[in-house]
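Welcome! Let's take a friendly walk through this structure, one topic at a time.

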Amino acid sequence: MRGRMPGSPSGEFPALVRPMLATPARELPAGGERWAGEFKWDGLRAVAYVSAGGLRLRSRGDRDITGTYPELAGVAGVARRHQLVLDGEIVALGDDGRPSFFALQRRMHIGRPAAGLAAAVPVHYLVFDVMHLDGRSLLRTPYGQRRALLEDLGLAGTFVDVPPSFPGGGQAVLAASLEYGLEGVVIKQLESTYLPGRRSPLWLKVKHERIQDVVIGGWTPGKGRRISLFGSLLLGVQGPAGLQYSGQVGTGFTEAALLDLTGALHTLEQPDSPFAGLVPPALSRQARWVRPVLAGQVSYTEWTPAGRLRHPSWRGLLAGNHPARG
């Protein structure tokens, strides 16, 4: 350990430390020397409690997920005799060797996976913070010092690792994450303390924005304050067989766009689906179909293996697609 260990006596080993959350941002902050960049991993956030040679894992929603990922029991082994509370991401790798949320979904809701499933879809725990160490709370310790302590622990094994943090390297980390097809970066202020359960501007997440042109093929009715408006648009892109269903979008609309598009959608209604392939039955039962004449743009994170846009957000109609011209 480098020098005297910072932190304050914390008494009993904590039963619950909720993960600190990053604030979404469109660009990197100014004063880059005061920040450190980490790759953003596409997985499941998990807090690990290591004590007396045992491991307990809790999800961001405080659910005990220890039994779901039995191979991560090895975290306690690489921690040796240390008593720890760690923050990290559980990831599964896709065929291309990159973290894949879709691969992880095969494991996420299985309380006690069979050996075959665990072998077919192994997971890894990528640790990026430490909040408690050998009887001392590190919640008020600056991030830069917490990272130094974490890296000194030597947490490296078959199913656990500590990915690097790059002080002052936000631009380089962002460029590298794009090159390697990762989701983006998390930028953390070096002097930031750990704020359990809070979303703070001391941590920023910058995702790569991908843009896709889409055609509106239908809509679903809104609920709540949008009861008189559409709830989501059903989107398609042109494929060899015609308009292929590509997902739905319900975010990113201004109030004016909601009103204008709702009026246009009513004038464009038709009885049958314009999509060449099948639309999920749960959507088809409530969908209102429209003539596929309005084209727009969405931002999204990636395409799913099923050919759906993941996390789409509406950007607007393309030029020449004013709703009044339906």
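## A covered helix

Helix H2 is mostly covered, with six of its eight residues buried. Here, helices (H or I, at least four residues) and strands (E, at least two) are DSSP runs, numbered from the N terminus. Buried means under 20% relative accessible area, exposed over 50%, and partly exposed in between (1.4 Å probe, protein chains only).

The buried residues of H2 are Phe101, Phe102, Ala103, Leu104, Arg107 and Met108. They pack against several elements, including S4, S6, helix H3 (115–120) and S7; contact means heavy atoms within 4.5 Å.

## About the model

This is a predicted model, in which local features need pLDDT of at least 70 and side-chain atom pairs count only at pLDDT 80 or more, while totals for chains, interfaces and linings use all residues. Residues are numbered from 1 along each chain as its sequence is written, and side-chain values use heavy atoms, leaving out hydrogens and water.

## The nonpolar cores

The largest nonpolar core has 35 residues. Such a core is a set of buried Ala, Val, Leu, Ile, Met, Phe, Trp, Tyr and Cys residues joined through side-chain atoms within 4.5 Å. Among the elements giving it two or more residues are H2 (101–108), strand S6 (84–92) and strand S7 (123–133). S7 gives the most, with five residues.

Tyr69 is one of the residues with the most contacts inside this core. Leaving aside residues up to four places away in sequence, Tyr69 touches Leu44, Ile90, Leu104, Arg107, Met108 and Val123. Apart from this core lies another, of 21 residues, among them Trp219 and Tyr300.

## A partly exposed leucine

Leu317 lies in strand S20 (residues 313–317). Leu317 counts as partly exposed because its relative accessibility is 29%.
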